[in-house]
Amino acid sequence: MVDGDYRDWDFYLRTLSNSARDSNAANNPASDPALLQSVKKLYELCKAENSEDLVARVYPQINKLFQRSVASLSESRTTSNGLLLLAILQFCLDFGDLVLHDADPSLRTFFRSCLSREFADPVVAEATLDFLNVNKKKLSTSFPTLLPQFFPLMLKLIAWNGERLEKSFFKVFPGLMSPGSFLPLFPSLVDLPTLVVALEKVEKSSGSLVGNSIASMQKSSAPEMLLALMDEAYTGSTIGDGGGDSESEDTNAIDVADPLFLDLLKDENDGIAERHLTSPGIVAALQAAINNPRSNRLKYILQMAPRLLDLYFAIALCDVNNSLICALIPLLMSRNGTIFPDKVYSYEVRKRLLEFMLAAFQRSPDFIALLKKPIMDRLAEAYSGQAYDSPEKEELALQLCWAIGEHGGGGASHKDAARELFESLELLLYESLSSSRVGLRQESALSSDNLTSRKSSQSRLLCFVITAIAKLATNHRELLPRARFSLSKVVRSRISDVRVWRRACDYLGLINEPAIASSVLGPSRPSHGQMQKPGTVKWSEGATKMIAHIPFYILGEQEGPPFHDFFFSDVLPR
């Protein structure tokens, strides 16, 4: 070390040492900008000199400064400690091995005590993301549970500072995912717009978020919540009731004692919590947020959250094990109907949920057999009539019907599950036929637009169910007699939509041709064999299966016997 560097090093070290004796700097180290500058300069000198002795002499003063800064957090609401603590943490990460310093407690202290108060400060938020990106590799190897534990706090950071920090946050995001955070992270991503509404409510009612701990607000709200529950028990009034004489201008605000509110604003991952998004108070508050002028922050999060879901699902398909993905699918189904009530946002999120669900079934068809109970529950909602009043439930039922047929109810080895799923499809078919006949007698009670929409929904559902029944019976031939009976009922029914009747006729004839049916309706990836392109007939099986008779209904719209000669290329796609 040259003389000039030695003098600089001694000056910066004495600055840290003297700060402990200065009453103002000792009680609030972040108030003295010279301390941050000294920590950065000492870090640079230690890096440049690569001297263990130098690091050993600097470390005690750095460590004492960290402890004083943490102790002053509750008192220094007007001063930001984040930048100083991040500079100290960088020193501890790079030189901790030399001085036997375990950085894990210090990192958790920063998140729990400092970032929870200063996530809304744009400077601290940006510096935090830069710190995490610079140290991404070391954090993922040495402290793999750190970011997954504090993912709710990181989501608050991006929800409040989204537009400026999106690119940096997307680089950090994969580190938030681990086996322990994978499932709880999904509903938190879907509810990002609701989180913004909650944070803006806190700012409106309590002032600036910078320097204030929302966790302390949660604790202080516990007595009020207990009193509200007691009042509900004795008087019958609900927690959300504000009283008849209330004149608050924010009548649709989320109560700080609301369980959803408390769960949204938490800082640490404590597992999956049931979120009552359909409670009257929450519905009213979210509807008010939609109807009133939206903040720029909310507008941006409505655009960013679907992109985060894209990244989440991409990582899930590449890196997450099958057991966690299988556990996620019922969660997707339950959240499909409870999404932030913005039309564009709801559409974008539901589109991604269904695409991921189908991709998961494509990758592991046996999920369908393992998840037969939640799948059958969703189909039950469809034939109970709930789907007609809920387009999102109807679309989910349609996609599940398609997946059941496309993947043979989970594959040839899951015959019991396939039979149970087939019974659910049968029931859905019969209930849909019955409701369509009842609908014919009640047409006068509906407007023309509603009637057209209702008929279209019924026809679309019937087409999907008929296809699923034919495909499932093709994969599990013991179900063929029941499939013929079900399709015959559709053919004989007084269905008003000729498309449904024609599809039932086509499939009824097709399942009587084993070779062609297995090629047209069979799975594209048999569980026991090699890839098979749909629509390709296996002529090599002609010695055991009847293939000479080509049914004319597969010629498309042509009906009856053809009046000219034709080639097989006219009948079957190449």
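Modeller: Start with handedness. A crossing is left-handed if the near helix is turned anticlockwise from the far one by less than a right angle, and right-handed if clockwise. Keep in mind that this model is predicted.

Biologist: Is the crossing of α12 and α17 left-handed or right-handed?

Modeller: The crossing of α12 and α17 is left-handed.

Biologist: At what angle do α12 and α17 pack?

Modeller: Helix α12 covers residues 182-190. It packs against α17 at about 160 degrees, and the two axes lie 10 Å apart. Therefore α12 is roughly antiparallel to α17.

Biologist: Which residues of α12 and α17 meet?

Modeller: Here is the general idea. An α-helix has 3.6 residues a turn, so residues three or four places apart point the same way. Now this case. From α12 come F182, L183, L185, F186, L189 and V190. They meet A305, L308, L309, Y312, F313 and A316 of α17. By class, this contact has twelve nonpolar residues, no polar and no charged ones.

Biologist: What does α17 look like along its length?

Modeller: Helix α17 runs through residues 296-319, 24 residues in all. From its first C-alpha to its last, α17 reaches 34 Å, close to the 34 Å expected.

Biologist: Where does α17 kink?

Modeller: Look at L302. The kink there is about 30 degrees, shortly before the proline P306.

Biologist: How does α12 pack with α18?

Modeller: Helix α18 spans residues 322-335. The angle between α12 and α18 is about 25 degrees, with axes 10 Å apart. Angles under 35 degrees count as roughly parallel, so α12 is roughly parallel to α18. Their crossing is right-handed.

Biologist: Which residues of α12 and α18 meet?

Modeller: On α12, find F182, L183, F186, P187 and V190. Among their partners in α18 are L324, L328 and R335. This contact divides into eleven nonpolar, no polar and one charged residue.

Biologist: What about α3 and α5?

Modeller: Helix α3 is residues 33-49, and helix α5 is residues 82-99. They pack at about 20 degrees, with axes 9 Å apart. That makes α3 roughly parallel to α5. The crossing is left-handed.

Biologist: How many residues of each class are in the contact of α3 with α5?

Modeller: Begin with the residues themselves. The α3 side includes L36, K40, Y43 and K47. The α5 side includes L84, Q90, F91 and D94. By class, the contact has eleven nonpolar, one polar and three charged residues.

Definitions and conventions: Residues numbered from 1 in each chain as written. Predicted model: local features only at pLDDT ≥ 70, side-chain atom pairs only at ≥ 80, totals over all residues. Heavy atoms only, no water. Helix = DSSP H or I, 4+ residues; strand = E, 2+ residues; numbered from the N terminus. Expected span 1.5 Å × (residues − 1). Bend = angle between axes of the 7 residues up to and from the residue. Axes fitted to C-alpha atoms, helices over the stretch in contact; angles between N-to-C directions. Parallel < 35°, antiparallel > 145°, perpendicular 65-115°, else oblique. Contact = heavy atoms within 4.5 Å. Nonpolar A, V, L, I, M, F, W, Y, C, P; charged D, E, K, R; others polar.
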